[in-house]
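Here are a few friendly notes to read beside the model. Take them one point at a time.

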Amino acid sequence: MEIRLTPAEMLSREPKKWISTLIILLVTIALLVWSGSAMDTSATGGDGLKVAGGIFSGIVHPTTSILFNLTKEGVAYLLLETMCIAFLGTLVGAVLAIPLSFLAASNIVPRPVAVVLRVLVMAIRTIPAFVYGLMFIMVTGPGAFAGLLTMSVCSIGMLSKMFVEAIEELDNGILESLDAAGCNLLEKIRWGIIPQLMPSFLSTLIYRFDMNLRDATTLGLVGAGGIGAPLIFAMNSYRWNDVGAILIGLIILVLIVEWISSRLREKLMRGI
């Protein structure tokens, strides 16, 4: 005979988890306290507040001659250069990542080959963008081309990883149906593989472009082109009005790109 328990009885028989929850909470608090003890705020003095106030004052009172300057020294041109570095870096990285990802997918190639290619992708991803930037600057010299190469190589690691996951989730039933219908290899790629991979690939590319746009800004700090170098020069010389003009341009650019990319990702998710 089946015995049915009331909800109250079922809850009363649930294992007591408050002990483990309390232990996790205490360990988390201890780690936070231990991490905070390593922070040294005595060396900042009042300079930090002065710098923060200078940046805020620069944003409120930006240098309009730089903000609305359309020459190569203006914010508009530097932002355009930064966006081009991010866009072309994403594009070149995608072109190189697509064949690499197919060779790293275990459902496309033999597993030993896929493992070797995955190790290569992991090795590419382990090196930070700043290190790639310094390496390419030593080879090509400072400028936008070094930033482009840096963004391309950094994009390969992430895009290949995401592309491999999308390829391995392919619906083999569609390919088997096309094979049964007598389709050749090109027709199976055109009608069976590309329609499945295109939304995922495009969504990943848009997300990587957002990341590259921010990374391209910081790469300018090491001389890899873009708006980062003028920003750090202005901060080092305490020209807060120039810093404010550059930051306003960056904020506007990032908001516009974020709005456009969000709309594109929504359309891709809806299949429009």
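**Notes on salt bridges and cores**

1. A salt bridge here is a side-chain nitrogen of Lys or Arg within 4 Å of a carboxyl oxygen of Asp or Glu.

2. Before going on, note that this is a predicted model, where local features need pLDDT of at least 70 and side-chain atom pairs count only at pLDDT 80 or more, while totals for chains, interfaces and linings use all residues. Residues are numbered from 1 along each chain as its sequence is written, and side-chain values use heavy atoms, leaving out hydrogens and water.

3. The structure holds 5 salt bridges. In one of them, glutamate 168 pairs with arginine 118, with the closest N and O atoms 2.1 Å apart. Glutamate 168 sits in helix H8 and arginine 118 in helix H6, so the pair ties together parts 50 residues apart in sequence (helices are DSSP runs of H or I, at least four residues, numbered from the N terminus).

4. Now for the largest nonpolar core, which has 22 residues: a set of buried Ala, Val, Leu, Ile, Met, Phe, Trp, Tyr and Cys residues joined through side-chain atoms within 4.5 Å. Helix H12 gives the most to this core, with 8 residues.

Technical notes:
Buried means under 20% relative accessible area, exposed over 50%, partly exposed in between (1.4 Å probe, protein chains only). Helices (H or I, at least four residues) and strands (E, at least two) are DSSP runs, numbered from the N terminus.
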